[in-house]
Amino acid sequence: MNLVMSLLLVTLLISSPLSAHARTRVGAQQTQAAPKPARQGRTPEQLDALRQTALGAIVKEVERAESYTQASARILVWTAAADALWEFDAEKGRELLRNAYKQIERAAVTPLPGESKFMTSMRASSLQGRLRADILAVAHRRDPELVKELTGAAEEKKTELISLHNEPKVFGSSSFQKKSIAMLAARVAQTDPERAVELAAESLGYGVPHELTDVFRALIAASPAQARRLFEKVVDSFVADSSPNLFDAMIASSYLRLIPEPEPDVRLVRKFLAAALDRVVRVREQSVNGDKPDEGLRSTLFLSLNQLQIFYRIYWPEKAGEVGSLAQQLVPDLKPGEVAAEELFPTETSRDDVESILGRAEKEKNEDNRDALFFQAALTLSKKGEHRRALETVARARDGERRQAVTAHLHREEAKHFIARGELFDALKVSEKIESPEERADVSLLLITAARKNKDVQLAADVLNGALKLFAGKPGSVRHARAHLWLASSYCAVDAAAGFELMAAAVKAANETKGLEDVRAEPKLLQLGGASRHAIEVGDSKGDFRPGFRLLARSDLGRAISLAERFDNELLRGVAVVTAAASVLKEKPKPIE
């Protein structure tokens, strides 16, 4: 038995006459957590000495970051340092944020084996977007005027932006400034929904940024009333805009797709749908009267009508027939492959009931298309809570990476369903089937949190033990090393002494891994394959190892910084050092008990 597991047994498990597997779900005797010893308060003098140590550690890392080989690591460390130092030297904080912002275009990613230049470029763009949002989030919280300075640093030509927005096939806003503001709105939506709405409204003007989908998603979770308020503002802007752009309506309609129940303000939705239909009709007339046929434009028209048709059926049935007729008029102008794809994978969502999807799969001869239909049906069943049938359906597809990824996604959703219902042992059984580290870490963290709330320390230990065995068995894997760090971080909230040892093991695993370029998992879209337009997000997780270093530093700053210094990776080392030091700077004096 290794040191980590020994610590778990000593610090986490409590004697019980019943084994974990012998306990029943109903009426089980829960293991009670041992009371935590109260942390001794620090005198102002002690706290001042600690703060000087912490400030020294941050300044040292800021200087060391100048020679980092990764621009992304430099940006993350300077951004975190700016936030930490602001209360002591606001001007130094501003300087760090300005310098970090200037570095964004230099942030790059390592090409994956066999990856195209286009996909590498897309991943780099995604990384730069996340870094930009990090900087703007700190600037917004500390000095809102600095946000305007940073986003306004890049010169944009108004005439070019207007010209691009007047192109029907241009996706989202072409304004870098507007896109940045929309990303910031998504970041602040959870903590300040009202401000997020104002920022999102400010991002309008050269079209609807596609980042607004993330804003709507965050607002619907945080404040449905503010999400509706933003939709009202988007509708007003959309109606007043004479642009022929077709993607604006599709992006704006993401609100209607994401809300759990139909929008009660039917007049508002009809106002939006009327303006959307007017745009389609205008563009359609220009397409018919044009000198040269534009196949791409007609495909976009067809996509727009099919994406919006479901909303006409729900909110404006009288107009649904007209929209359907327009879509059918476009069919002769489409390529045969597009027509076939539309029949097999209809963009009109009302045709996407499970039985219809399975019926098409049974008749489909192309294996890639057939698998994609099975995946789509399985995902639809999962959303309806029919998890067993979803897994049976996905098993009908050919084995391979796609099926494994979709299966892991389904297991994660099933486990989350059990956790939400308080059926933690069922969730544990499902989690043990998940081999994907990000999904396994996500579920494990949720389970550990739920078990701790129930004061069931034995279950928390079982979850942690199983996940750590999985991650420790994959040396050199970026995904496993990152998930290992997340779990160690989570355990620091249970027991700081054992947390130090668990985190040390996780640091060692990270040092045996190459390619860690971000502290967070990189979101990935998994296409279902064949001619399907459907995709799911995989490998994304809210896991983060930084909270663990915050907790460890409050227990023993010197030891936490020493542990952070063990990272070979400059990104992980720098972020861990600044995070640990910053936690002490926020601490307030407490009386000694």
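How far apart should the ends of helix α4 (residues 90-102) be at 1.5 Å a residue, and how far apart are its end C-alpha atoms? Keep in mind that this is a predicted model, and let's start the tour there.

**Stop 1: helix α4**

Select residues 90-102. The 13 residues of α4 should span 18 Å at 1.5 Å a residue, and the end C-alpha atoms are 19 Å apart, which agrees. Now pick out Gly93, Leu96, Leu97, Ala100 and Tyr101, the buried residues of this helix. They sit on the same side of α4, because the arc they cover around the axis is only 130°. To see what covers the buried residues of α4, show helices including α2, α3 (71-85), α5 (117-142), α6 (144-151) and α8 (176-188).

**Stop 2: helix α9**

Next, select residues 193-202, which make up helix α9. Its buried residues are Pro193, Ala196, Val197, Leu199 and Ala200. Look down the axis of α9: these residues fall within an arc of 165°, so they line one face of the helix. Their packing partners are α5, α8, α10 (212-222) and α11.

**Stop 3: an aromatic cluster**

Which residues form one aromatic cluster with Phe231? Show Phe216, Phe238, Tyr255 and Phe272 alongside Phe231, and you have the cluster. The whole structure holds eight aromatic pairs. One of these joins Phe231 and Tyr255, which are stacked, with 4.6 Å from centre to centre and 20° between the planes. This pair links distant parts of the chain, with Phe231 in helix α11 (residues 224-240) and Tyr255 in helix α13 (residues 254-258), 24 residues apart. Both Phe231 and Tyr255 are buried.

Now turn to Phe231 and Phe272. Their ring centres are 5.9 Å apart and their planes stand at 70°, so this pair is edge-to-face. Phe231 belongs to α11 and Phe272 to helix α14 (residues 266-289), so the pair ties together parts 41 residues apart in sequence. Phe231 has a relative accessible area of 0%, and Phe272 also comes out at 0%.

**Stop 4: the largest nonpolar core**

Zoom out to the largest nonpolar core, which has 149 residues. The members that touch the most others are Phe231, Leu256, Phe272, Met503, Phe545 and Phe567. Helix α29 (residues 570-585) gives the most to this core, with eleven residues. Apart from it lies another core, of 22 residues, among them Leu358, Ala378, Leu381 and Val394.

Centre the view on Phe567 for a closer look. Leaving aside neighbours within four places in sequence, its contacts are Leu485, Val507, Ala510, Asn511, Phe545, Phe549, Leu572, Arg573 and Ala576.

**Stop 5: charges over rings**

Where does Arg559 lie relative to Phe500? Select both: Arg559 lies over the face of Phe500, 4.1 Å from the ring centre. For another example, show Lys319 and Trp316, where the charged end of Lys319 sits over the ring, 5.6 Å from its centre.

**Stop 6: Arg51**

Finish at Arg51, in helix α2 (residues 44-65). Draw a distance from its C-alpha atom to that of Leu557: the separation is 9.8 Å, although these residues are 506 residues apart along the chain. Beyond residues up to four places away in sequence, Arg51 touches Val584, Leu585 and Glu587.

How values were computed. Residues are numbered from 1 along each chain as its sequence is written. This is a predicted model: local features need pLDDT of at least 70, side-chain atom pairs count only at pLDDT 80 or more; totals for chains, interfaces and linings use all residues. Side-chain values use heavy atoms; hydrogens and water are left out. A nonpolar core is a set of buried Ala, Val, Leu, Ile, Met, Phe, Trp, Tyr and Cys residues joined through side-chain atoms within 4.5 Å. Buried means under 20% relative accessible area, exposed over 50%, partly exposed in between (1.4 Å probe, protein chains only). Helices (H or I, at least four residues) and strands (E, at least two) are DSSP runs, numbered from the N terminus. Contact means heavy atoms within 4.5 Å. The expected span of a helix is 1.5 Å times one less than its number of residues. The arc is that of the directions from the helix axis to the C-beta atoms. Rings of Phe, Tyr and Trp (its six-membered ring) pair if their centres lie within 6.5 Å; planes under 30 degrees apart count as stacked, over 60 as edge-to-face and the rest as tilted. A charge sits over a ring if NZ of Lys or CZ of Arg is within 6 Å of the ring centre and within 35 degrees of the ring normal.
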